[in-house]
Amino acid sequence: MKALTYEGPEQISYSDRPDPALPGRDGAIVQVTATGICGSDLHIYGGHGFVSTTGYCVGHEAVGEIVEVGPQTPGFAVGDRVLVPASVGCDSCSQCRAGIVAACARHPLPVDACYGLGGSLPGCQAQLLAVPHATGNLAKLPDEVSDAAAVVLTDNAPTAWYGARRARIAPGDTVVVIGLGPVGLMAVQSAFAMGAARVLGVDLLAERRKRAADLGAEPVESDDPKQAIRETLGGGADVAIEAVGADATIKLAISAVGHRGRVSVVGVSQNRAYPFHMMAAQVKELEFHIGLCSVQYELPALLKLTAGGRIRPEAVVTHQLPMSDGPAAYRMFADRSDGVGKVVLDPRR
Ligand SMILES: NC(=O)c1ccc[n+]([C@@H]2O[C@H](COP(=O)([O-])OP(=O)(O)OC[C@H]3O[C@@H](n4cnc5c(N)ncnc54)[C@H](O)[C@@H]3O)[C@@H](O)[C@H]2O)c1
Ligand SMILES: [Zn+2]
Ligand SMILES: [Zn+2]
């Protein structure tokens, strides 16, 4: 089969790989019809991956059709159109049974709990994908959800919804979203779906602020976003969602909220010692949330919200390309060129 592999910093190649074998009696093989490039893949692309090896198949966002199943996959059969959640659990511990696969008792390392990070699970940017413990790690797709929307539902939309949910966005709240990539834009949509009165959007790129404005957000057009947010809202926001993962934007999120404000960080940070102003947080009675999304937990609500038209995950997709263009697509996504937002690749082409 064909697949995209990581060969070193800024080197993704369109390679030949052996077809995957069925991963156990409760596993499945999915023929991938659409796969996404995620902001998290940029950590790998930039040479800051989770493992030091090369040659592994990348990607953790896939939609496709089941072409093979083991005898112990209740609820799933060959021919089913499925979404593959980016987060992977064992489907047998109590946390996984509740959908909270990020706390799976059998996957202590994050690299083994997601496809394409160089751990035990080969990536989704491939023609065929081995899905372990399929019943817990697949979701059937309703016909009204397109492949493009479904790719966003494998990771970006659930991450944004999870961040918004943990910040307990309530009707009438003011919300600041920092970072307006696909995750941030889904956070804008999530905030409105939860009843936010106003959503402000912060990003370095004007075209991404424009995209947030198209979704109803108020773009923050200033070199001093902290000041601009306070002026616009007449004080701090109720909630800030951070979807970048940089020290500066986490700091901005903390300063953007007012007294008893709720900050929710979903941007991935590999910083081992973030400088946290404890006194300021204490005076403000700050609530600070950070975590990794369990896609399975968020998905039931999101599939219904998508099918009902309340959120539009496909709105963040800007490019649909053949997977053979994958190396160039990575360059474009990393360079932010050609007005790129979410890139969806078709492995059949
Ligand atoms: N917690 C989770 O479970 C989870 C899941 C998926 C993705 N993520 C993370 O979410 C983050 C966003 O993902 P994405 O796909 O939207 O990525 P992306 O790279 O497309 O978007 C990041 C955005 O942040 C903006 N940005 C960068 N520095 C900034 C700054 N100083 N001020 C304002 N804006 C700035 C960029 O211009 C870009 O638009 C990534 O860190 C990714 O790893 C987390
Ligand atoms: Zn991702
Ligand atoms: Zn488990």
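I began with Arg 336, where a polar side-chain atom sits 3.0 Å from an oxygen atom of ligand 1. I call this a polar contact, a pair of N or O atoms within 3.5 Å. The model is predicted, so I kept its cut-offs in mind: local features need pLDDT of at least 70, side-chain atom pairs count only at pLDDT 80 or more, and totals for chains, interfaces and linings use all residues. Residues are numbered from 1 along each chain as written, chains are lettered from A and ligands numbered from 1 in written order, and side-chain values use heavy atoms, without hydrogens and water.

**Ligand 1**

I looked up two other contacts. Asp 203 has a side-chain N or O atom 2.6 Å from an oxygen atom of ligand 1, and Gly 39 brings a backbone N or O atom to 2.9 Å from a ligand oxygen. Taken alone, ligand 1 exposes 870 Å², and the protein buries 89% of that (Shrake-Rupley areas, 1.4 Å probe).

Next I turned to the shell, meaning residues with a heavy atom within 4 Å. I found 26 residues around ligand 1, with Ser 40 and Val 266 among the closest. Helices here are DSSP runs of H or I with at least four residues, and strands are E runs of at least two.

**The zinc ion**

I then checked ligand 2, the zinc ion, which is coordinated by Cys 38 (SG), His 60 (NE2) and Asp 155 (OD) at 1.7 to 2.2 Å. Donors are N, O and S atoms within 2.8 Å of the metal (3.2 Å for Na, K and Ca); water is not among the atoms, so sites may look incomplete. His 60 lies in the loop between strands E4 (56–57) and E5 (62–69) and Asp 155 in the loop between helices H4 (147–153) and H5 (156–166), so the pair ties together parts 95 residues apart in sequence.

**Elsewhere**

Which helix gives the largest share of the lining of the second largest pocket? I found helix H9 (residues 247–256), with six residues.

Conventions:
A polar contact is a pair of N or O atoms within 3.5 Å; within protein, one must be able to donate a hydrogen and the other to accept it, and residues adjacent in sequence count only if both atoms are side-chain atoms.
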